[in-house]
Amino acid sequence: MDGSGGSSFLRGRRLESCFEASVRSRGPAKARPEDAVGQPGPRRAAAADFVDDDRWITVILSVVRIVVCFLSMAVTTAVWAVIMLLLLPWPYARIRQGNLYGHVTGRMLMWILGNPITIEGSEFSNTRAIFICNHASPIDIFLVMWLTPTGTVGIAKKEIIWYPLFGQLYMLANHLRIDRSNPTAAIESIKQVARAIVKKKLSLIIFPEGTRSKTGRLLPFKKTRLPIVPMVLTGTHLAWRKNSLRVRPAPLTVKYLPPIKTDDWEAEKIDDYVEMIHALYVDHLPESQKPLVSEGRDVSKRSNS
């Protein structure tokens with residue numbers, strides 16, 4: 001790893017000595033070719049260069065990796081479920097333990113899958129902030145589990161409780177579920193989270209796709225006065241497609257964009273702010289992940305969360 005930002009970022013995960021996967025962190029300093037494990041030469045892999053391989057051996061290998069992921073996740077989930085039950089009287093301690101579970105489990109799952117990963121802007125990764133992330137693949141969940149800092153609370157749709165293993169621990173970790181079919185109740189729940197974020201000095205991670213700005217769901221977080229740090233994930237839609245049981249070795253990139261201040265945001269301009277952030281994502285996503293013209297400019301029409 002090169003650069004103080006990238007080094008501290010990966011040291012904070014405390015897992016690189018155990019899981020030597022193809023991870024490259026690109027902080028403010030110049031990255032060197034030898035810093036990329038498993039990526040020889042000066043040119044890093046890109047999702048646009050990925051060529052699918054439909055040989056039967058790769059399909060079998062993918063199935064094996066998915067089974068190993070599930071079994072490994074079952075082990076870590078069982079361990080942390082016991083910890084969470086012991087911490088039932090202390091909800092905020094459970095949030096932090098849930099983050100630790102995510103760091104261990106998310107990193108382990110990415111190591112098992114074996115995709116080469118490039119991390120950019122890692123100097124922004126430990127900022128106390130509202131982290132927002134695009135969502136196009138189950139792999140996005142693994143990356144977010146691994147890469148969000150300790151002291152981060154998540155928001156997900158209420159159906160997450162039915163996800164095997166992960167959904168149940170998500171509940172024990174005191175993260176929030178919302179009913180997107182009931183905007184009034186959703187906004188009230190988010191207001192409660194906003195108050196907890198301020199009181200306990202927490203960060204927040206959300207997948208904003210699918211959230212219509214007219215519901216006002218983003219507005220309550222203005223009161224936290226936290227900056228927004230966009231996380232741009234690319235290549236995950238090629239590596240593990242939704243509703244698919246096959247994982248492909250496509251290269252992945254996680255890019256943290258500079259924090260966006262929100263302390264001077266005005267309620268009547270919330271749609272403008274949402275549009276501004278949407279435009280940032282359009283600028284940083286590859287062509288294969290940019291919204292189609294027919295989808296208009298409203299990110300909410302591409303609900304993947």
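Here is a short chat about a predicted model.

Colleague: Which residues form the nonpolar patch on the surface, and what is their accessible area together?
Modeller: The patch is made by Trp-56, Ile-57, Ile-60, Val-64 and Val-68.

Colleague: Is Val-64 buried, partly exposed or exposed?
Modeller: Val-64 belongs to helix H2, residues 56-86. Its relative accessible area is 44%. Buried would need under 20% and exposed over 50%, so Val-64 comes out as partly exposed.

Colleague: What does UniProt list for residues 59-88, and how much of that stretch is helix?
Modeller: The unreviewed UniProt entry lists residues 59-88 under "transmembrane region". In the model, the end C-alpha atoms of that stretch are 42 Å apart.

Colleague: Where do Phe-131 and Tyr-256 sit, and how many residues apart are they?
Modeller: Phe-131 is buried at 0% relative accessible area, and Tyr-256 is also buried, at 3%. Phe-131 is in strand E3 (residues 130-133) and Tyr-256 in strand E8 (residues 252-256). The pair links distant parts of the chain, 125 residues apart.

Colleague: Which residue lies over the face of Trp-146?
Modeller: The distance to the ring centre is 4.4 Å, and the residue is Arg-107.

Technical notes
Residues numbered from 1 in each chain as written. Predicted model: local features only at pLDDT ≥ 70, side-chain atom pairs only at ≥ 80, totals over all residues. Heavy atoms only, no water. Patch = residues over 30% accessible without salt bridge, like charges linked within 9 Å, V, L, I, M, F, W, Y side chains within 5 Å. Areas by Shrake-Rupley, 256 points an atom, 1.4 Å probe, with all protein chains shown as cover. Salt bridge = Lys/Arg side-chain N within 4 Å of Asp/Glu carboxyl O. Helix = DSSP H or I, 4+ residues; strand = E, 2+ residues; numbered from the N terminus. Buried < 20%, exposed > 50% of the residue type's maximum accessible area, 1.4 Å probe, protein only. Lys NZ or Arg CZ within 6 Å of the ring centre and 35° of its normal. UniProt positions renumbered as here; feature names shortened; annotations may be inferred.
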